[in-house]
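Open the model in a viewer and keep the selection panel at hand. The stops below go residue by residue.

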Amino acid sequence: MSAVPALGAERRLVEAASRLALPVALVAVFLLFSALAPGFLAAANLQSVLVNNFTLLSIVAVAMTFAVSAGGIDLSVGTAVDFASFAFVSLVLAGQPVPLALAAGLGGGAVVGLFNAVLIAGIGISPFLATLGTLFIGRSVQQLLTNGGNPVYLPPAGVPESFHLLGRGSLAGLPVPLLIAALVIALAAVILARSRFGRVVTAVGIEAEVVRYSGLPLKAHLAATYVLVALIAAVAGLVLTSTVTVYIPNSGNAFLLNAIGAAFIGTTLHRHGRPNIAGTVLGVLLLSLVANGLLMSGLNFYWQQVGTGLLIFTVLALSFASRKV
Amino acid sequence: MLVDTALLVPASARADTPSPQKTTVSQGLAGIALRGGALAVFVTVFVLFAFASPIFLTPFNLGNILAQSAISGVLAIGLTVVIIAGGGNVVSGGIDLSLAANMGLSAAVYAALSQAGQVDGVAVLAALGTGLAIGAVNALAVTWARIVPLLATLAVMNVVGGLELVLTQNTVIPAITPLLESLSGSGPFGIPALAYVLLGFALITAVVVQATPLGLRLYAVGEFPEAARASGLALKRFIAGSFLFSGLSGGIAGILSAAYLSGSTTGAGELLLPVVVTALLGQVFSRRLVPTITGTLLSALFVGVLINGFQLLNLSSTLVSGIQGLLILLVVSATTLLRPKEG
């Protein structure tokens, strides 16, 4: 993956072609649905793609990108989403002020991140197994907290107006959820590609031993990465809860596989196949456009999943087959 | 990886040969404690349930546990073979995320054909064929298109899950056929037929994987690909073969699930993570903490015992997933901490 770039012109051409798979697919999908699905190009529809499909998934997928960048994976992003949502809803229900409830939501997510950090950086368990364990424990904890998995609804009357700001508000004509997603994406891109922390995280993913031998605190960086992942995912949980005004136990898992898919599809954009925020965002955009386009073209709801899967498969196959010549 | 240097010793020989070069006495002892620990936990839980509930130890109930574990057991065994051939690194190594969806589609194909009036033979072949076809797609994606198994099978999972929805329109397709009736009925000694299927499937796979040259090569391909390549093994064929086998297990599990539930049901995908955990947890029940078929069988039965015991004691079965999670973390922490530290 991170091999020294080949110098041959042919090799370079192949490499460029493999990196183009994602952008080309994005344009092709856009043109295809513009032609096939009436109403796809309407401004209202494109905005709905961004608000309904793109926002939450992009936040979770950006979180996932940090874990993948550090050479790991986080299967418990959905758990962080859920814990944030639960803490947020519980405090609002108890009549606490919204800002405090929001902070508690971030705290709920951070608990998941800290737990992962102890397992991965402290004990040294592989991220896949550690976060799988967290996912399973989190599932039981949520069911215990909710009497076997009952949703926690907020009564419409008792909810303060400020509660809806994150999910339904708009600022300067733009929906707040979209602004939050944009902010998360921008910050994440800067942190991952431009900051010292991001460069060390990337180095951990490429060759952890080198980081250790360079005298950098490997474990601290690993721990910080998984806490950061959970915090970002928690933001998605807060926006989600503010939109739907209900906490449904274990619902955050719905993001998991798409977030992994987007983060890995995004790696095809990078010269050395590294995870990167721009690629992840394009990956999420691709998934969102396909989901919406299939819906708008009036295709049977069930074929949509088949279409999405086939498309991801094609992008991956094109990119992988041409990359490792 | 380095604890497994003795992997190339056949399973049958491993039992008697003393610990290999690298393991020191203390690590050996720690290892024994750990492995014994997993079994001890299993036995303790078993004995506790036996005392706590008068029904637990009856042959009828034990047969029930086996039958309830049959579907996830067969799937986890399929997954174990993929993990053996692909190597232990879950992100870049062997994994098959499409297994649960595969089971759902195979069950739907079987149920749909039975309802359309096809005889059992046709429906069974079609279900197994569906599983094999899914395995073949995975095999091609991993060996020919060179997509990382985690991603390839993730995409295939989406496609297969979607196809199941298209076929069933997200409804239950009932199916009652002679085969399903005999599968969901009792076999000899009043033990459910599903139990025999699980034990038979596990036995055959265990013999092939743990006691034949083929199985030995499978381990070599997964753990020491370079060495395996150097000694002339066609790595791609083994990896492709492992995905074909897991595809077939998905097909078999599909038929079992059609028998257990009298038709196809929705939501097969929810079985995915429990199956992954069962397969990974299985490593604790093996002598060298590597994936084995017998280990996976024990792990599947352990989960089955937990679920069953909780039901008998009227405890919330929601705790089962938490216990599974805790166990996997405990076990993996213990292995990680006990492993020799050097490079």
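**Stops in chains B and A**

Start with B:F189, which counts as exposed at 76% relative accessibility. The model is a predicted one, so read the side-chain positions at each stop as computed coordinates. In chain B, B:F189 sits in the loop that runs between α7 (178-184) and α8 (193-211).

Next, go to chain A and select A:L171. This leucine belongs to strand β2, residues 170-171. Is A:L171 buried or exposed? Its relative accessible area is 53%, and the cut-off for exposed is over 50%, so A:L171 is exposed. Now extend the selection to A:L174 and A:L179. Together with A:L171, these residues form a nonpolar patch on the surface. The accessible area of the three together is about 250 Å².

For the last stop, select A:A203, in helix α8 of chain A (residues 196-213). A:A203 has a relative accessible area of 31%. Buried would need under 20% and exposed over 50%, so A:A203 is classed as partly exposed. Which residues does A:A203 touch, leaving out those up to four places away in sequence? Show A:A208 and A:V211; A:A203 touches both. Finally, select A:N150 and draw the C-alpha to C-alpha distance to A:A203: the two are 43 Å apart in space and 53 residues apart in sequence.

Notes: Residues are numbered from 1 along each chain as its sequence is written. Chains are lettered from A and ligands numbered from 1 in the order in which they are written. This is a predicted model: local features need pLDDT of at least 70, side-chain atom pairs count only at pLDDT 80 or more; totals for chains, interfaces and linings use all residues. Side-chain values use heavy atoms; hydrogens and water are left out. Patches are made of residues with over 30% relative accessible area and no salt bridge: like charges are joined within 9 Å, nonpolar side chains (Val, Leu, Ile, Met, Phe, Trp, Tyr) within 5 Å. Accessible areas come from the Shrake-Rupley method with a 1.4 Å probe; for residues, only the protein chains shown count as cover. A salt bridge is a side-chain nitrogen of Lys or Arg within 4 Å of a carboxyl oxygen of Asp or Glu. Helices (H or I, at least four residues) and strands (E, at least two) are DSSP runs, numbered from the N terminus. Buried means under 20% relative accessible area, exposed over 50%, partly exposed in between (1.4 Å probe, protein chains only). Contact means heavy atoms within 4.5 Å.
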